[in-house]
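Please keep the sequence and the structure in view while reading.

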Amino acid sequence: MKLKALIEKRNSLIDEAEGLLQVAETETRAMSAEEKEKFDGLQAEIRALGETIAAAEQAEEQERSAAVPADEDTAAKEDRAFADYVLGRESRAGEQNMTMGNNGAIIPSTIANRIIKAVRDRCPILARATRYNVKGALKIPVWGKAGGTHDIAVGYHTEFTELTADTGKFTSVDLGGFLAGSLVLIGRSLENNGSFSVTGFIVDQMAEEIAAFLEKELLTGAGANAAQGILNAENVKTAAAAAAITADELIELQASVKTAYQPNACFIMHPDTFTAIKKLKDGNNRYLLQDDITGDFPYRLLGKPVFLSDNMPTMAAGSSAVFYGDCSGLAVNFRENISLEILREKYATQHAVGVVAWFEFDARIMDNQRLAVLKMKAAG
């Protein structure tokens with residue numbers, strides 16, 4: 001509250017100083033000696049208040065930082081309570097109890113959030129896509145040409161002549177929700193391994209499974225009763241061969257994305273395609289693909305980062321072998337965030353514990369101008 005009062009006081013003084021200056025400007029004259037003295041005094045007080053406000057903001061930031069250990073302590077308690085429940089151990093005194101659902105224990109949000117973060121780290125497409133968390137159906141408005149021909153027109157005109165109105169229209173990209181799930185079984189013998197991080201293992205395993213699924217869908221999803229992937233982009237270039245790619249074709253693919261969307265663009269391809277392109281050389285016998293330890297991946301192609309995915313098609317006849325563009329042209333909506341439950345009794349006869357994950361999502365291309373695909377020549 002004190003900080004707010006200081007800011008309001010400074011804003012009031014700024015308005016007062018601007019008022020003095022505005023009177024002189026309106027009357028087209030210099031400020032009088034009395035006005036100048038008052039103006040200088042106001043400026044000095046504004047500067048002093050600015051320094052005080054900066055100090056107050058710094059103090060508030062330090063207070064917030066001091067509160068972090070409490071959050072970390074809560075996370076550590078939830079971590080231990082979670083591991084204890086998985087291994088069937090008694091909870092420590094004062095530790096938080098697990099929340100029980102109809103089918104088992106619900107994993108604490110701190111651990112679920114670690115899985116979500118790990119999924120994004122493993123799936124660069126999801127990290128770079130435009131993400132939403134909207135319950136129910138999501139409609140994203142998209143501006144386009146009416147009938148494919150009309151758009152807003154700007155041009156030279158002479159005075160007293162009417163402007164000719166042209167039209168565009170808003171359409172929408174609709175995202176619903178498709179339910180997906182994953183199950184990981186963990187042997188109860190882990191209880192005897194004190195050096196093993198149960199929570200870390202579960203986080204890694206669930207993140208790996210979910211990331212692999214999401215990456216495949218966000219790349220190759222057909223969009224019919226499923227999510228739509230970026231390889232469904234309308235901007236498609238066709239290679240001259242069915243099993244080889246040239247440097248010129250990669251240059252043309254890159255150039256097919258508008259300059260405005262180039263800053264965050266990247267290449268995505270299968271490792272085998274990457275190996276073939278890595279062997280390409282220019283006219284001076286220099287490799288086209290250069291090492292770069294400063295980027296998202298230690299290789300760059302035509303100045304852009306290269307991401308590899310086993311879910312990308314290989315260089316086969318008719319396949320979409322290379323993606324290039326800004327992945328933010330893909331909209332992803334998580335209608336239901338990743339939720340996880342522990343199933344102890346169900347797999348007791350297998351001397352195991354089940355960890356099940358459920359989430360509801362959809363993906364659709366919302367801006368084709370940002371995306372481009374290089375498709376191999378069809379067979380024959």
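The model is predicted.

**The chain as a whole**
- The protein chain contains eight helices and 15 strands.
- It has 380 residues, of which 37% count as buried.
- Among contacts with a separation of 6 or more in the protein chain, 75% are between residues 24 or more positions apart.

**Strand 11: cover**
- Strand 11 spans residues 304-308.
- This strand is mostly covered, with four of its five residues buried.
- In a regular strand, side chains alternate between the two faces of the sheet.

**Strand 11: parallel partner**
- Strand 8, made of residues 266-269, pairs with strand 11 in the parallel sense.
- Three bridges join strand 8 and strand 11.
- Met-269 has Leu-308 of strand 11 as its bridge partner.

**Strand 11: antiparallel partner**
- Strand 10, residues 299-301, pairs with strand 11 in the antiparallel sense, over two bridges.
- Leu-301 lies opposite Lys-304 of strand 11.

**The hairpin**
- Strand 10 and strand 11 make up a hairpin, and two residues lie between them.
- Leu-302 is in the turn, where its phi is positive, at about 55°.

**Summary of the pairing**

Notes: Residues are numbered from 1 along each chain as its sequence is written. This is a predicted model: local features need pLDDT of at least 70, side-chain atom pairs count only at pLDDT 80 or more; totals for chains, interfaces and linings use all residues. Side-chain values use heavy atoms; hydrogens and water are left out. Buried means under 20% relative accessible area, exposed over 50%, partly exposed in between (1.4 Å probe, protein chains only). Two strands pair if DSSP finds at least two bridges between them. Contact means heavy atoms within 4.5 Å.
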